[in-house]
Amino acid sequence: MFTIRGKLVIYALEIVAAASLLLSMRPLDWHVQVGLATVAVLAVGFATLLGRSIASAIDRLVVSTRRIGEGNYDDPVLVHSSDEVGTLGREIDRMRLQLREKVRQLEELSRELEGKVARRTDALRQANERLSELSDLKSDFISKVSHELRTPLTSIMGAADNLLDGIAGPVDERPRSYLSRIKENADRLLHLINELLDLSRIEAGKEEICLSNFRLDALIGETLETLKPLAEERGVMLAAPQGPPLVIRADRDKVSRVLINLVDNGLKFTPPGGRVDIRARAEGPWVKVAVSDSGVGIPARELERIFDKFHQVERVRGGGRAGSGLGLSISRQLVEMHGGGLTVESSPGAGSTFTMTLPVADGDGVGPQAARESWHAS
Ligand code: ADP
């Protein structure tokens, strides 16, 4: 509550009061009176001097500690008295020097780290450029080789077709079966080459999407018609319940490719007697297309890996027609290019459901709104 100066003045006043009290007590020898008065005057003077010196030393300490707090560690603490205030000043000065050293070390460390980060960033930028060069080279290579392979392969297929059609004369049972195998395998090879070409185009960022508003339910109907013969051949029931008209904004060819890939997989991994269903529904600004099958299913640990390039589930490999393991990877990337997603849920032995999410048409078409309303009403 009181400053040091104030306290010392109070002590001095107390001495003066005591001296005055003694002086007022008569009879006192005048020597004693003079002595007491002198003591009182000296006490006041001494208290004033002492108070001034302690207060100014403390003021200097306050200024110094404030400077240190502001990050100025260079000015020494100038309190040289040999009392407790002086000791405090020396301690604060010692701490100032320690702090200065620590800050210097930290600054050095931070400079070193900055240098390291800069060097690392540089190295990563080199590495990155090299990787992107290599990736371009890889895409180029795959695309060139694939094109080179596609031409002779098409002519092999054409020749096999001609022979099978009997252009070069009637073909017996045995050579016919060999020719059919040639055709079948050439077909698979062509499929693989086309998928490799697609993948390298997507990965090189060269695949473009061409958006338009179109009726998804119509596309589902077309897919159903295209794949019905294959479903019948495999003894699998393929169905798509008639839903509300759904207009979406997407690249029609690419959505069609994804849908065909999903249904084709469903048919491939569903034993005869099973079924594959395609269902579409609107959910807010999205349309969800689910392709579910009652097939072999996918083990939980494989669920995400099946979207990796060339990944095929060990257990079902060899079951059904062999594939490349590229279809789902391409499909997911094509759907993601639309801002959507492709996910899977599955129970081994019970079947799988692949769900593709796509944006509904946004324009002024009545389709998406009407579709959403009729979906929610149903
Ligand atoms: P592909 O079918 O050509 O091998 P995909 O990328 O389309 O390549 O599929 C990758 C793998 O995922 C398949 O080999 C198969 O192991 C698994 N898979 C895909 N769809 C299904 C499905 N409907 N049921 C069971 N397994 C599936």
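The ligand is surrounded by 21 residues, and Asn-265, Lys-268, Gln-312, Val-313 and Leu-328 are the closest of them; a residue is near a molecule if one of its heavy atoms lies within 4 Å of it. The model is predicted, so local features need pLDDT of at least 70 and side-chain atom pairs count only at pLDDT 80 or more, whereas totals for chains, interfaces and linings use all residues. Residues are numbered from 1 along each chain as its sequence is written, and side-chain values use heavy atoms, with hydrogens and water left out.

The side chain of Asn-265 places an N or O atom 2.8 Å from an oxygen atom of the ligand. Lys-268 also takes part through its side chain, with a polar atom 2.9 Å from a ligand oxygen. At Leu-328 it is the backbone that provides the polar atom, 2.7 Å from an oxygen atom of the ligand. The protein covers 97% of the 530 Å² of accessible area that the ligand has on its own (Shrake-Rupley method with a 1.4 Å probe; for residues, only the protein chains shown count as cover).

Which elements each supply at least two residues of this shell? They are α6 (252–268), α7 (327–336) and β7 (351–359); helices (H or I, at least four residues) and strands (E, at least two) are DSSP runs, numbered from the N terminus. The most is given by α6, with four residues. By class, the shell has eleven polar, eight nonpolar and two charged residues, where Ala, Val, Leu, Ile, Met, Phe, Trp, Tyr, Cys and Pro count as nonpolar, Asp, Glu, Lys and Arg as charged, and the others, Gly among them, as polar.

Arg-257 also has its place in helix α6. With a relative accessibility of 33%, Arg-257 is partly exposed (buried means under 20% relative accessible area, exposed over 50%, partly exposed in between; 1.4 Å probe, protein chains only). Although 70 residues separate Arg-257 from Gly-327 in sequence, their C-alpha atoms are 9.4 Å apart in space.

Attention now turns to the second largest pocket, which holds about 260 Å³ of space. Its lining consists of 15 residues, and Asp-217, Ala-240, Pro-241, Gln-242 and Gly-243 are the closest to its centre. On a 1 Å grid over the protein atoms alone, a pocket is an open set of points with protein on both sides within 12 Å along at least five of seven lines, while a cavity is a set of points where a 1.4 Å probe fits but cannot get out; lining residues have an atom within 4 Å of a point. Grid points are joined across faces, edges and corners, and a volume is the space filled by probe spheres set on the points.

At least two lining residues of the second largest pocket come from each of α5 (216–234) and β4 (275–283). This lining divides into nine nonpolar, three polar and three charged residues. Pro-241 sits in the loop between β2 (237–239) and β3 (247–250) and is partly exposed, at 48% relative accessible area. From Arg-275 to Ser-294 the C-alpha distance is 5.7 Å, at 19 residues apart in sequence.

Helix α3 (residues 84–164) contains Asp-93. Is Asp-93 buried or exposed? Its relative accessible area is 17%, and Asp-93 is therefore buried. A polar atom of the Asp-93 side chain lies 2.9 Å from the backbone nitrogen of Val-77, and the Asp-93 side chain also makes a polar contact of 2.7 Å with the side chain of Arg-96. Val-117 is likewise in helix α3, but with a relative accessible area of 52% Val-117 is exposed. Val-117 and Leu-131 are 14 residues apart along the chain, and 20 Å separates their C-alpha atoms.

Finally, Phe-310 lies in the loop between β5 (286–293) and α7. The phi angle of Phe-310 is near 65°, a positive value in a residue other than glycine. Phe-310 is partly exposed, at 48% relative accessibility.

Technical notes: Polar contact = N/O pair within 3.5 Å; in protein donor to acceptor, adjacent residues only side chain to side chain.
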